[in-house]
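This report is written for a reader new to the structure shown below.

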Amino acid sequence: MDQLVIAGGRPLAGEVEVSGAKNAALPILCVSLLTSQTVVFNNVPELRDVGTLLRLVRSMGVAVERKPNRVTLNSETLGEPVAPYDLVKTMRASILVLGPLLARFGHARVSLPGGCAIGERPVDLHIKGLQAMGARIEIEHGYIVGEVGRLKGARIFMDTVTVTGTENLMMAAVLAEGTTVLENAAREPEVVDLGECLISMGARIKGHGTDVITIEGVQFLHGTEYTVMPDRIETGTFLVAAAATGGNVRLVGVRSDTLDAVLDKLIEANAFIECTADQIRIRMRGPNHGVSLRTAPYPAFPTDMQAQFMAMNAVAQGTTVVTETIFENRFMHVQELRRLGANIEVEGNAAIIRGVEKLEGATVMATDLRASASLVIAGLIAHGETVVDRIYHLDRGYEKIEQKLSQLGAGIVRRSVEEV
Ligand code: UD1
């Protein structure tokens, strides 16, 4: 098992390139199931979650060819449309194969995702939407088993905004008979990226990026070559790391238009930000003021950035409040941040952070992907050495994080440790 060893206290400086978006790449790789023709995707990040998804589609018989940041897939010879528990349990996003499999093959067996560190995360809205499109769905021995002749267009209202739910239903609807309208759809940029990718294959989609998406089903989709959008959460994580260490960093290959809420909060925390469409430069104007925030679906502040801001707030002037409204158990990083000296109290879905003068290095344990990023930022701020354990969570979502941070002058190395 790997650890990151961080010698904290150095401001980040320099330039770094942002990778392709994990949360766009995962649904986009699933569109390979919707066509018998070859699809090619560029800017696919080299991440554990991407590896898991590719293993999953390969296990169903999809031909996968992988080059650095480029994946070619062909599902002409798909065998069994089954997503087994062993793969689904390691990554909830595996549920994204359900919609495409039902749309193209008329049947699918996908394991129910198991429990998850950051809350219950049900998939009821995915299932209800597919049922509204005519699929018969049963839960058998822990598997979602779906059957349908051809899916039929439907008007579907989702009572909670769900990102992968919207994506699953979009992928199902593109091959359905008739028109599907998704109401209260997620507006996340990754949903838009998936929509654009599907359109490049001949899908008829309108309204992606708004909360009403209209999809007119077509008989078949053709192959495509598509480039995955830049990762806005990786971008945000580096911006917060730069701000929290009092650094001066330029991020290139970004989509600055997808980061309004995050940039606003950084400015409020006293950062100076210069943007072009694909670059962002950040440095602090003066002391870190910290910032209170509340997570909500896009375009509001993303839950995937909450933990990183909390690390920055830990050493800010004054008291801030971070409120989490999307997931019910997403404060796992709090007790680890406390081990570094942070003063944080949790009351329900709010964390009250009283800024301290400094954090001090310690050994901490990563519990989920974004919590891990928060601990890395805290380690970069802390005096002395911080060891972040269980970084396999980090490898799920950050490409070459220690190389990129080293490039910015951080003292950070990966160490392999034999398990006892
Ligand atoms: C996606 C992102 C994840 C991000 C999250 C919220 C991917 C691969 N992952 O996760 O990084 O943190 O969006 O922005 O894109 N819900 C239901 N029923 C459902 C589905 C969801 O009640 O059928 C609830 C969830 O419990 C949660 C809320 O809806 O409270 C939002 O979850 P959702 O948007 O579905 O998260 P994911 O798509 O799993």
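A salt bridge is a side-chain nitrogen of Lys or Arg within 4 Å of a carboxyl oxygen of Asp or Glu. The model is predicted, so local features need pLDDT of at least 70 and side-chain atom pairs count only at pLDDT 80 or more, while totals for chains, interfaces and linings use all residues. Residues are numbered from 1 along each chain as its sequence is written, and side-chain values use heavy atoms, with hydrogens and water left out.

**Salt bridges**

Across the whole structure, a search finds 20 salt bridges.

| Pair | N to O distance |
|---|---|
| D49 and K22 | 3.6 Å |
| R330 and D304 | 2.9 Å |
| E345 and R354 | 3.0 Å |

Helices (H or I, at least four residues) and strands (E, at least two) are DSSP runs, numbered from the N terminus. In the pair of D49 and K22, the closest N and O atoms are 3.6 Å apart.

Exposure is described by relative accessible area: buried means under 20%, exposed over 50%, and partly exposed in between (1.4 Å probe, protein chains only). D49 is buried, with a value of 2%, and K22 counts as buried at 6%.

The salt bridge between R330 and D304 has its closest N and O atoms 2.9 Å apart. R330 lies in the loop between β19 (319-323) and α11 (332-339), and D304 in the loop between β18 (293-294) and α10, so the pair ties together parts that are 26 residues apart in sequence. Both R330 and D304 are buried. By contrast, E345 counts as partly exposed at 34% relative accessibility, and R354 counts as partly exposed at 34% as well. A network of salt bridges links D2, D395, E402 and R414.

**The ligand site**

Polar contacts, here pairs of N or O atoms within 3.5 Å, can be described atom by atom. An N or O atom in the side chain of D124 is 2.7 Å from a nitrogen atom of the ligand. An N or O atom in the side chain of T164 is 2.6 Å from an oxygen atom of the ligand. P122 takes part through a backbone N or O atom, 3.3 Å from an oxygen atom of the ligand. Of the 740 Å² of accessible area that the ligand has on its own (Shrake-Rupley method, 1.4 Å probe), the protein covers 87%.

**A covered helix and an open sheet**

Helix α10 (residues 306-314) is mostly covered, with nine of its nine residues buried. Among them are Q306, F309 and N313.

Two strands pair if DSSP finds at least two bridges between them. Four strands form an open sheet in the order β6-β7-β9-β8, with mixed pairing. Its edge strands, β6 (82-83) and β8 (136-140), each pair on one side only. Strand β6 runs parallel to β7 (residues 107-111), and two bridges join them. The bridge partner of V82 in β7 is R109.

Terms used. A polar contact is a pair of N or O atoms within 3.5 Å; within protein, one must be able to donate a hydrogen and the other to accept it, and residues adjacent in sequence count only if both atoms are side-chain atoms.
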